[in-house]
Amino acid sequence: MTSPVEESLRAIVKIILFKTFCQSTYLLVLGTTFVRGCPPSKYPVGDKCCPKCDPGAFAERNCTDTIITTCSHCVEGTFTNDLNGERECFPCTVCSPDLGLKTLTPCTVVQDTTCEPLDGFFCINRTENHCTAAQNHTRCQPGQYIRNNGTAATDTECSDCTSGTFSDGTFTVCRPHTQ
């Protein structure tokens with residue numbers, strides 16, 4: 001015997017899977033909500049599932065009932081890095097020295113540029129696998145020493161010298177005053 005809650009849930013969760021026009025297109029019926037999907041190797045266009053283009057290419061023309069997707073190669077300075085149904089390739093990222101960046105790996109038609117901080121800078125904004133903005137390392141002031149040198153990922157850490165010691169801001173330890 002099922003409880004009223006279980007029966008209500010069963011009534012709500014009636015899912016019917018229909019195979020439609022394309023062999024690999026499925027229509028999922030959730031009550032009165034229709035959800036259409038294509039397998040990972042295809043992308044939806046109207047009531048069809050078109051084959052995706054390879055990385056390094058884009059869908060110049062979508063498939064029809066009689067032709068498959070027309071894919072064209074990305075030109076220099078653009079890329080696509082996955083199977084896709086994009087209408088154009090993406091522009092390559094530029095690693096701008098004005099943002100404290102330099103190129104780690106150059107853009108190809110199948111991979112975007114990856115950037116890293118210039119020497120003396122650290123990353124302040126990271127997206128996916130590369131740095132999108134960097135900032136100069138902090139310079140310690142006279143009376144402070146460098147507790148931790150800055151890296152590409154972290155800023156320099158400064159600490160104050162104790163009484164009787166000094167640093168011009170470039171020392172990694174404070175030095176005693178001489179008399």
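Predicted model: local features only at pLDDT ≥ 70, side-chain atom pairs only at ≥ 80, totals over all residues.
**Salt bridges**

The structure holds five salt bridges.

| Pair | N to O distance |
|---|---|
| Asp65 and Lys48 | 3.1 Å |
| Glu116 and Lys102 | 3.8 Å |
| Lys102 and Asp119 | 3.6 Å |

The side chains of Asp65 and Lys48 meet in a salt bridge, and this pair links distant parts of the chain, 17 residues apart. Asp65 sits in the loop between β6 (57–61) and β7 (70–73), while Lys48 belongs to strand β5 (residues 48–51). Asp65 is exposed, at a relative accessible area of 70%, whereas Lys48 is buried, at 18%. A network of salt bridges links Asp47, Lys48 and Asp65.

Lys102 pairs with Glu116.

Asp119 lies in the loop between β11 and β12 (121–127) and Lys102 in strand β10, so the pair ties together parts that are 17 residues apart in sequence. Asp119 is exposed, its relative accessible area being 69%.

**Largest pocket**

The volume of the largest pocket is about 150 Å³. Its lining consists of Phe79, Asn81, Gln111, Asp112, Thr113, Thr114, Thr127, Glu128, Asn129 and His130. By class, one lining residue is nonpolar, seven are polar and two are charged.

Definitions and conventions:
Residues numbered from 1 in each chain as written. Heavy atoms only, no water. 1 Å grid on protein atoms, 1.4 Å probe; cavity = no way out; pocket = protein on both sides within 12 Å on 5 of 7 lines; lining within 4 Å. Points joined across faces, edges and corners; volume = space filled by probe spheres on them. Nonpolar A, V, L, I, M, F, W, Y, C, P; charged D, E, K, R; others polar. Salt bridge = Lys/Arg side-chain N within 4 Å of Asp/Glu carboxyl O. Helix = DSSP H or I, 4+ residues; strand = E, 2+ residues; numbered from the N terminus. Buried < 20%, exposed > 50% of the residue type's maximum accessible area, 1.4 Å probe, protein only.
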